[in-house]
Amino acid sequence: GALLVNERIDREELCGALSPCSISFEIVVENPLELYSGTVEIQDINDNDPVFPSSQARLEISESVAAGARFPLESAQDPDVGINSLQTYQLSANPNFVLDVQTRVDGSKYAELVLEKELDREEQRELNLVLTALDGGSPPRSAHVQIHIDVVDANDNAPVFNQSTYKASVRENTPGGTLVARISAYDLDDGPNGDIVYSFSSHTPAKVRELFALDSATGELRVKGQLDYEETKLYEIYLQAKDKGAVPGVAHCKVLVEVVDVNDNAPEVTVTSVYSPVPEDAAPGTVVALLSVTDLDSHDNGQDSYDVYVLENNMPGIPILNVSATDPDLGHNAHLSYTLLQGDSTVGHLFSINRENGTLYLLTSLDHEDQVEFNMMVQVQDGGFPPLATNVSVSVYVTDLNDNAPTVLYPHPNSTATNTDVVAPGTPAGHMVTKVVAVDADAGYNAWISYTLLQATDPSLFSVGLHSGEILTARQLREDDAPQHTLVILLKDHGEPVLSTSATVSISVAEMVKEVLTDLTDVAPANDPRKHVTFYLILAVILVSAAFFLTMLSVGIFKCYKWRQSKELFNSSRSTTYRTPGPFHHIDAVRGGFTPPNFYHQVYLTTDSRQSDLLCKKPFTSSPLGSRQSTIRNGEPGLYHQIVGTASRLPTPAE
């Protein structure tokens, strides 16, 4: 079962620029019959140097070109992928040019010369630079190209494109010669200096030149080769317009061509293994064949489900999807009807489907902030008997529009009271005084809020964080600064169009809060209904506190009185002589819960005596304690009375 390498593996030969690179295989195991699928990923190593198309490059640049002009350079190619692919470029030191390395949509790098200091032909007629391409290996591999720049005079005006980026979409089965896009540039010069020639930029990949053709006179970009969505979904094509002057002016633009998938790949059914013949007594569940089905197409062409994206605030009644199905039967058996199965109660009110052609309509306007996603099922049924049906799932996603302005949470815009933040004199620069808090009901980029200081009493004193809304001191506060400051903060989102709102913040420069409260008396509202509520609350707290104090005082006096009364009674009882016990009162200690049943005794006390003899009887149940009590009872009377007398004291009324 070991999988071995049979011959040397070259990832670039197998997969080219495709990453990750993998080889799939299948293994059949018998007894029991099972199918296993496996994939071997071929990892890249840094075994290729970057390569430039040529060892030298020549540029002609006019001395009248202003600083900031950009000049594309030949791109190096590195068949490695990932970190081992081409990562950056470096330019030799020079006083006029810097290098700007940019990244294409597919992640590849290309370099442009940026003129940092204007050229002077009388001072220097030519420049020789070295461009180095480096990959990300360890150690990195590199390639070099010599760049020779001729500084010459040029016409005064270079061509200008009417837009810097063009976008187009084309189906992958579009035949050759089909128009994809038409680029246009103009030149204010006359004669040959104003005649424009269109061409591919120097760093356009060779694959793009094989698939697309550009008319040098009209700027028409047409399909030349066979497009394949499964190979490349988006092409980023760089074009240039050059006039016919002695030193031609050049302009550059970019064309983004999106390849639209068509259903040009039938599902592939692979029968991996067949168990035949099948015995007539084979048990249910016996494996007969192993099948796998794949489809190379994407999205709707490769799935029996649909995902539809609809902008919010749409027009009611618009069609959003056409569900199509086929039936290989004939006549009435092939007549299809479409029905919308309601996934929830809202689907029937919002969507409708044409029973004959499967067109799904949106009946009302949707709101992204209300609901983002709707899920439903569409059933396709033929007209045969019995009818056969298939279900397909449809998901409708509501995309966001910038239809909500930022909402200020603090300071509250509708508050009648004035919220003033306090900062002391001498506060250093960078101190956060307060913060404007806001939210935006939109989503994504439409909900990003930026804060700017629109108006201030002293613009030099405070600043606001662009993305945080924090209001900071821009410098140290001084004693001579104004005591009151009003700031107007502008809040803008990043949607299209931009929506905004404003917030007003009051800041007081004071040493103590008391000073601020004194200043605020001038701006406090005359009739605040909440002040009456506060008065009644304070009055209620005072009354409850007074009642509690009086109650506790009364309880204390009562307790003190009872204690003094019990103390006088105790002193008087101790001063009296021992009297003959009066009428006896029988106390059942067992029923009172004070003594366990096996230590039951009878106690006889006088009603007017604080101390009395205790007469104990033997317990009903014999125990060591009971025997000791009997021994004490039969012993010396003095000892007995001393023990009993000590234990016979009753609690006082106060206790």
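## Basis of the values

In this predicted model, local features need pLDDT of at least 70 and side-chain atom pairs count only at pLDDT 80 or more, whereas totals for chains, interfaces and linings use all residues. Residues are numbered from 1 along each chain as its sequence is written, and side-chain values use heavy atoms, with hydrogens and water left out.

Aspartate 44 is placed in the loop between strand E2 (34–42) and strand E3 (56–62); helices (H or I, at least four residues) and strands (E, at least two) are DSSP runs numbered from the N terminus. The residue is buried, at 17% relative accessible area. Buried denotes under 20% relative accessible area, exposed over 50%, and partly exposed the range in between (1.4 Å probe, protein chains only).

Neighbours within four places in sequence aside, aspartate 44 has contacts with Arg11, Glu12, Asp80, Val81 and Asn84, where contact means heavy atoms within 4.5 Å. A polar atom of the aspartate 44 side chain lies 3.2 Å from the backbone nitrogen of valine 81.

## Salt bridges

The structure holds 14 salt bridges, each defined as a side-chain nitrogen of Lys or Arg within 4 Å of a carboxyl oxygen of Asp or Glu. One of them joins the side chains of aspartate 44 and arginine 11 (3.3 Å, N to O). Because aspartate 44 lies in the loop between E2 and E3 and arginine 11 in helix H1 (residues 11–15), this pair ties together parts 33 residues apart in sequence. Arginine 11 is buried at 4% relative accessibility and also meets glutamate 12 in a salt bridge (3.5 Å, N to O); glutamate 12 is buried, at 15%.

Arginine 58 and aspartate 150 form a further salt bridge (2.7 Å, N to O). Arginine 58 belongs to strand E3 and aspartate 150 to strand E9 (residues 142–152), so the pair links parts 92 residues apart in sequence. Arginine 58 is exposed, at 55% relative accessible area, whereas aspartate 150 is buried, at 15%. Elsewhere, Asp458, Arg475, Arg478, Asp480 and Asp481 are linked in a salt-bridge network.

## Largest nonpolar core

A nonpolar core is a set of buried Ala, Val, Leu, Ile, Met, Phe, Trp, Tyr and Cys residues joined through side-chain atoms within 4.5 Å. The largest one has 28 residues, of which Phe161, Ile183, Phe212, Tyr235, Ile237, Val255 and Val257 touch the most other members. Among the elements that each supply at least two residues are helix H2 (206–211), strand E17 (234–243) and strand E18 (250–260). E18 gives the most, with 5 residues.

Valine 257 is in contact with residues including Ala168, Val170, Phe212, Leu221, Tyr235 and Ile237, neighbours within four places in sequence being left aside.

Conventions
A polar contact is a pair of N or O atoms within 3.5 Å; within protein, one must be able to donate a hydrogen and the other to accept it, and residues adjacent in sequence count only if both atoms are side-chain atoms.
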